[in-house]
Amino acid sequence: MGTRRAQRRRETERADPLDPAQEDRVRAVLALGGVPHADLPDGVQQVRLKLLERAADGREAPRDVSAWAAVVASNLAMDWHRARRRQERLGERLAVLWRETTDEDGAESRALSMAVAQGLGELPDAQRQVVVLRFYADLPVRAIAAELGIPEGTVKSRLHTAVRLLRARLHEGEVV
């Protein structure tokens, strides 16, 4: 029994493209890049996945995997900051739009705006993101798909599901 377990552990170690020292280096680069501690395991997994994708595509492994992984981790940290800034800008734009709506249209519009904002807050992140990009940032489906790196069909599906959930929420609360 112990022999099988040891054999499985060796197979797993061989299948893992990052050794423990390389993984520690990736974690350090991500942390120094400002990625929160809670997101470090995801970053390590992304580096590991990129290395596996490279092998699956038939490309040879980098000469210095540790250096390559550190560069990829650095790029991931930069992407994390860009995404965070993009979310902050969208939040600022939503706040401005909300203030404009409440100033002009009165109490009825404020109630609707508050219900929509609450409904948006209850949506899963992926759905909320496409709703905000489509209806508040006024981006077309194609641009959203390109920005998020997902297929247009996925954007449409997420929009459909999110709008259906928001509509149900607004009817539930007798807002509309």
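Me: How are α7 and α8 oriented to each other?
Reply: In this predicted model, α7 and α8 are roughly perpendicular (the word covers angles of 65 to 115 degrees), because they pack at an angle of about 110 degrees. Their axes, lines fitted to C-alpha atoms over the stretch in contact with angles running from 0 to 180 degrees between N-to-C directions, lie 8 Å apart.

Me: Which residues meet there?
Reply: From α7, Val 141, Arg 142, Ile 144 and Ala 145 meet Glu 152, Val 155, Lys 156 and Leu 159 of α8; contact means heavy atoms within 4.5 Å. By class, the contact has five nonpolar, no polar and three charged residues. Here Ala, Val, Leu, Ile, Met, Phe, Trp, Tyr, Cys and Pro count as nonpolar, Asp, Glu, Lys and Arg as charged, and the others, Gly among them, as polar.

Me: What about the largest nonpolar core: which residues touch the most other members?
Reply: Leu 120, Leu 123, Val 131, Val 155 and Leu 159 do, in a core of 17 residues. Such a core is a set of buried Ala, Val, Leu, Ile, Met, Phe, Trp, Tyr and Cys residues joined through side-chain atoms within 4.5 Å, where buried means under 20% relative accessible area with a 1.4 Å probe, protein chains only.

Me: Which helices supply this core?
Reply: At least two residues each come from α5 (107-122), α6 (125-136), α7 (141-148) and α8 (152-172). The largest share, five residues, is that of α8.

Me: And what does Val 131 contact?
Reply: Leaving aside neighbours within four places in sequence, Val 131 is in contact with Leu 120, Leu 123, Tyr 136, Leu 159, Ala 162 and Leu 166. A second, separate core of 15 residues includes Val 26, Val 65, Trp 68 and Ala 69.

Me: Switching to Ser 66: buried or exposed?
Reply: Ser 66 counts as buried, at 17% relative accessibility. Ser 66 is found in helix α4 (residues 65-105) and touches Gln 22 and Arg 25, not counting residues up to four places away in sequence.

Me: How many helices and strands are in the chain?
Reply: Eight helices and zero strands, taken as DSSP runs numbered from the N terminus (helices H or I, at least four residues; strands E, at least two). Of the 176 residues, 27% count as buried.

Note on methods:
Residues are numbered from 1 along each chain as its sequence is written. This is a predicted model: local features need pLDDT of at least 70, side-chain atom pairs count only at pLDDT 80 or more; totals for chains, interfaces and linings use all residues. Side-chain values use heavy atoms; hydrogens and water are left out. Buried means under 20% relative accessible area, exposed over 50%, partly exposed in between (1.4 Å probe, protein chains only). Angles under 35 degrees count as roughly parallel, over 145 as roughly antiparallel, 65 to 115 as roughly perpendicular and the rest as oblique.
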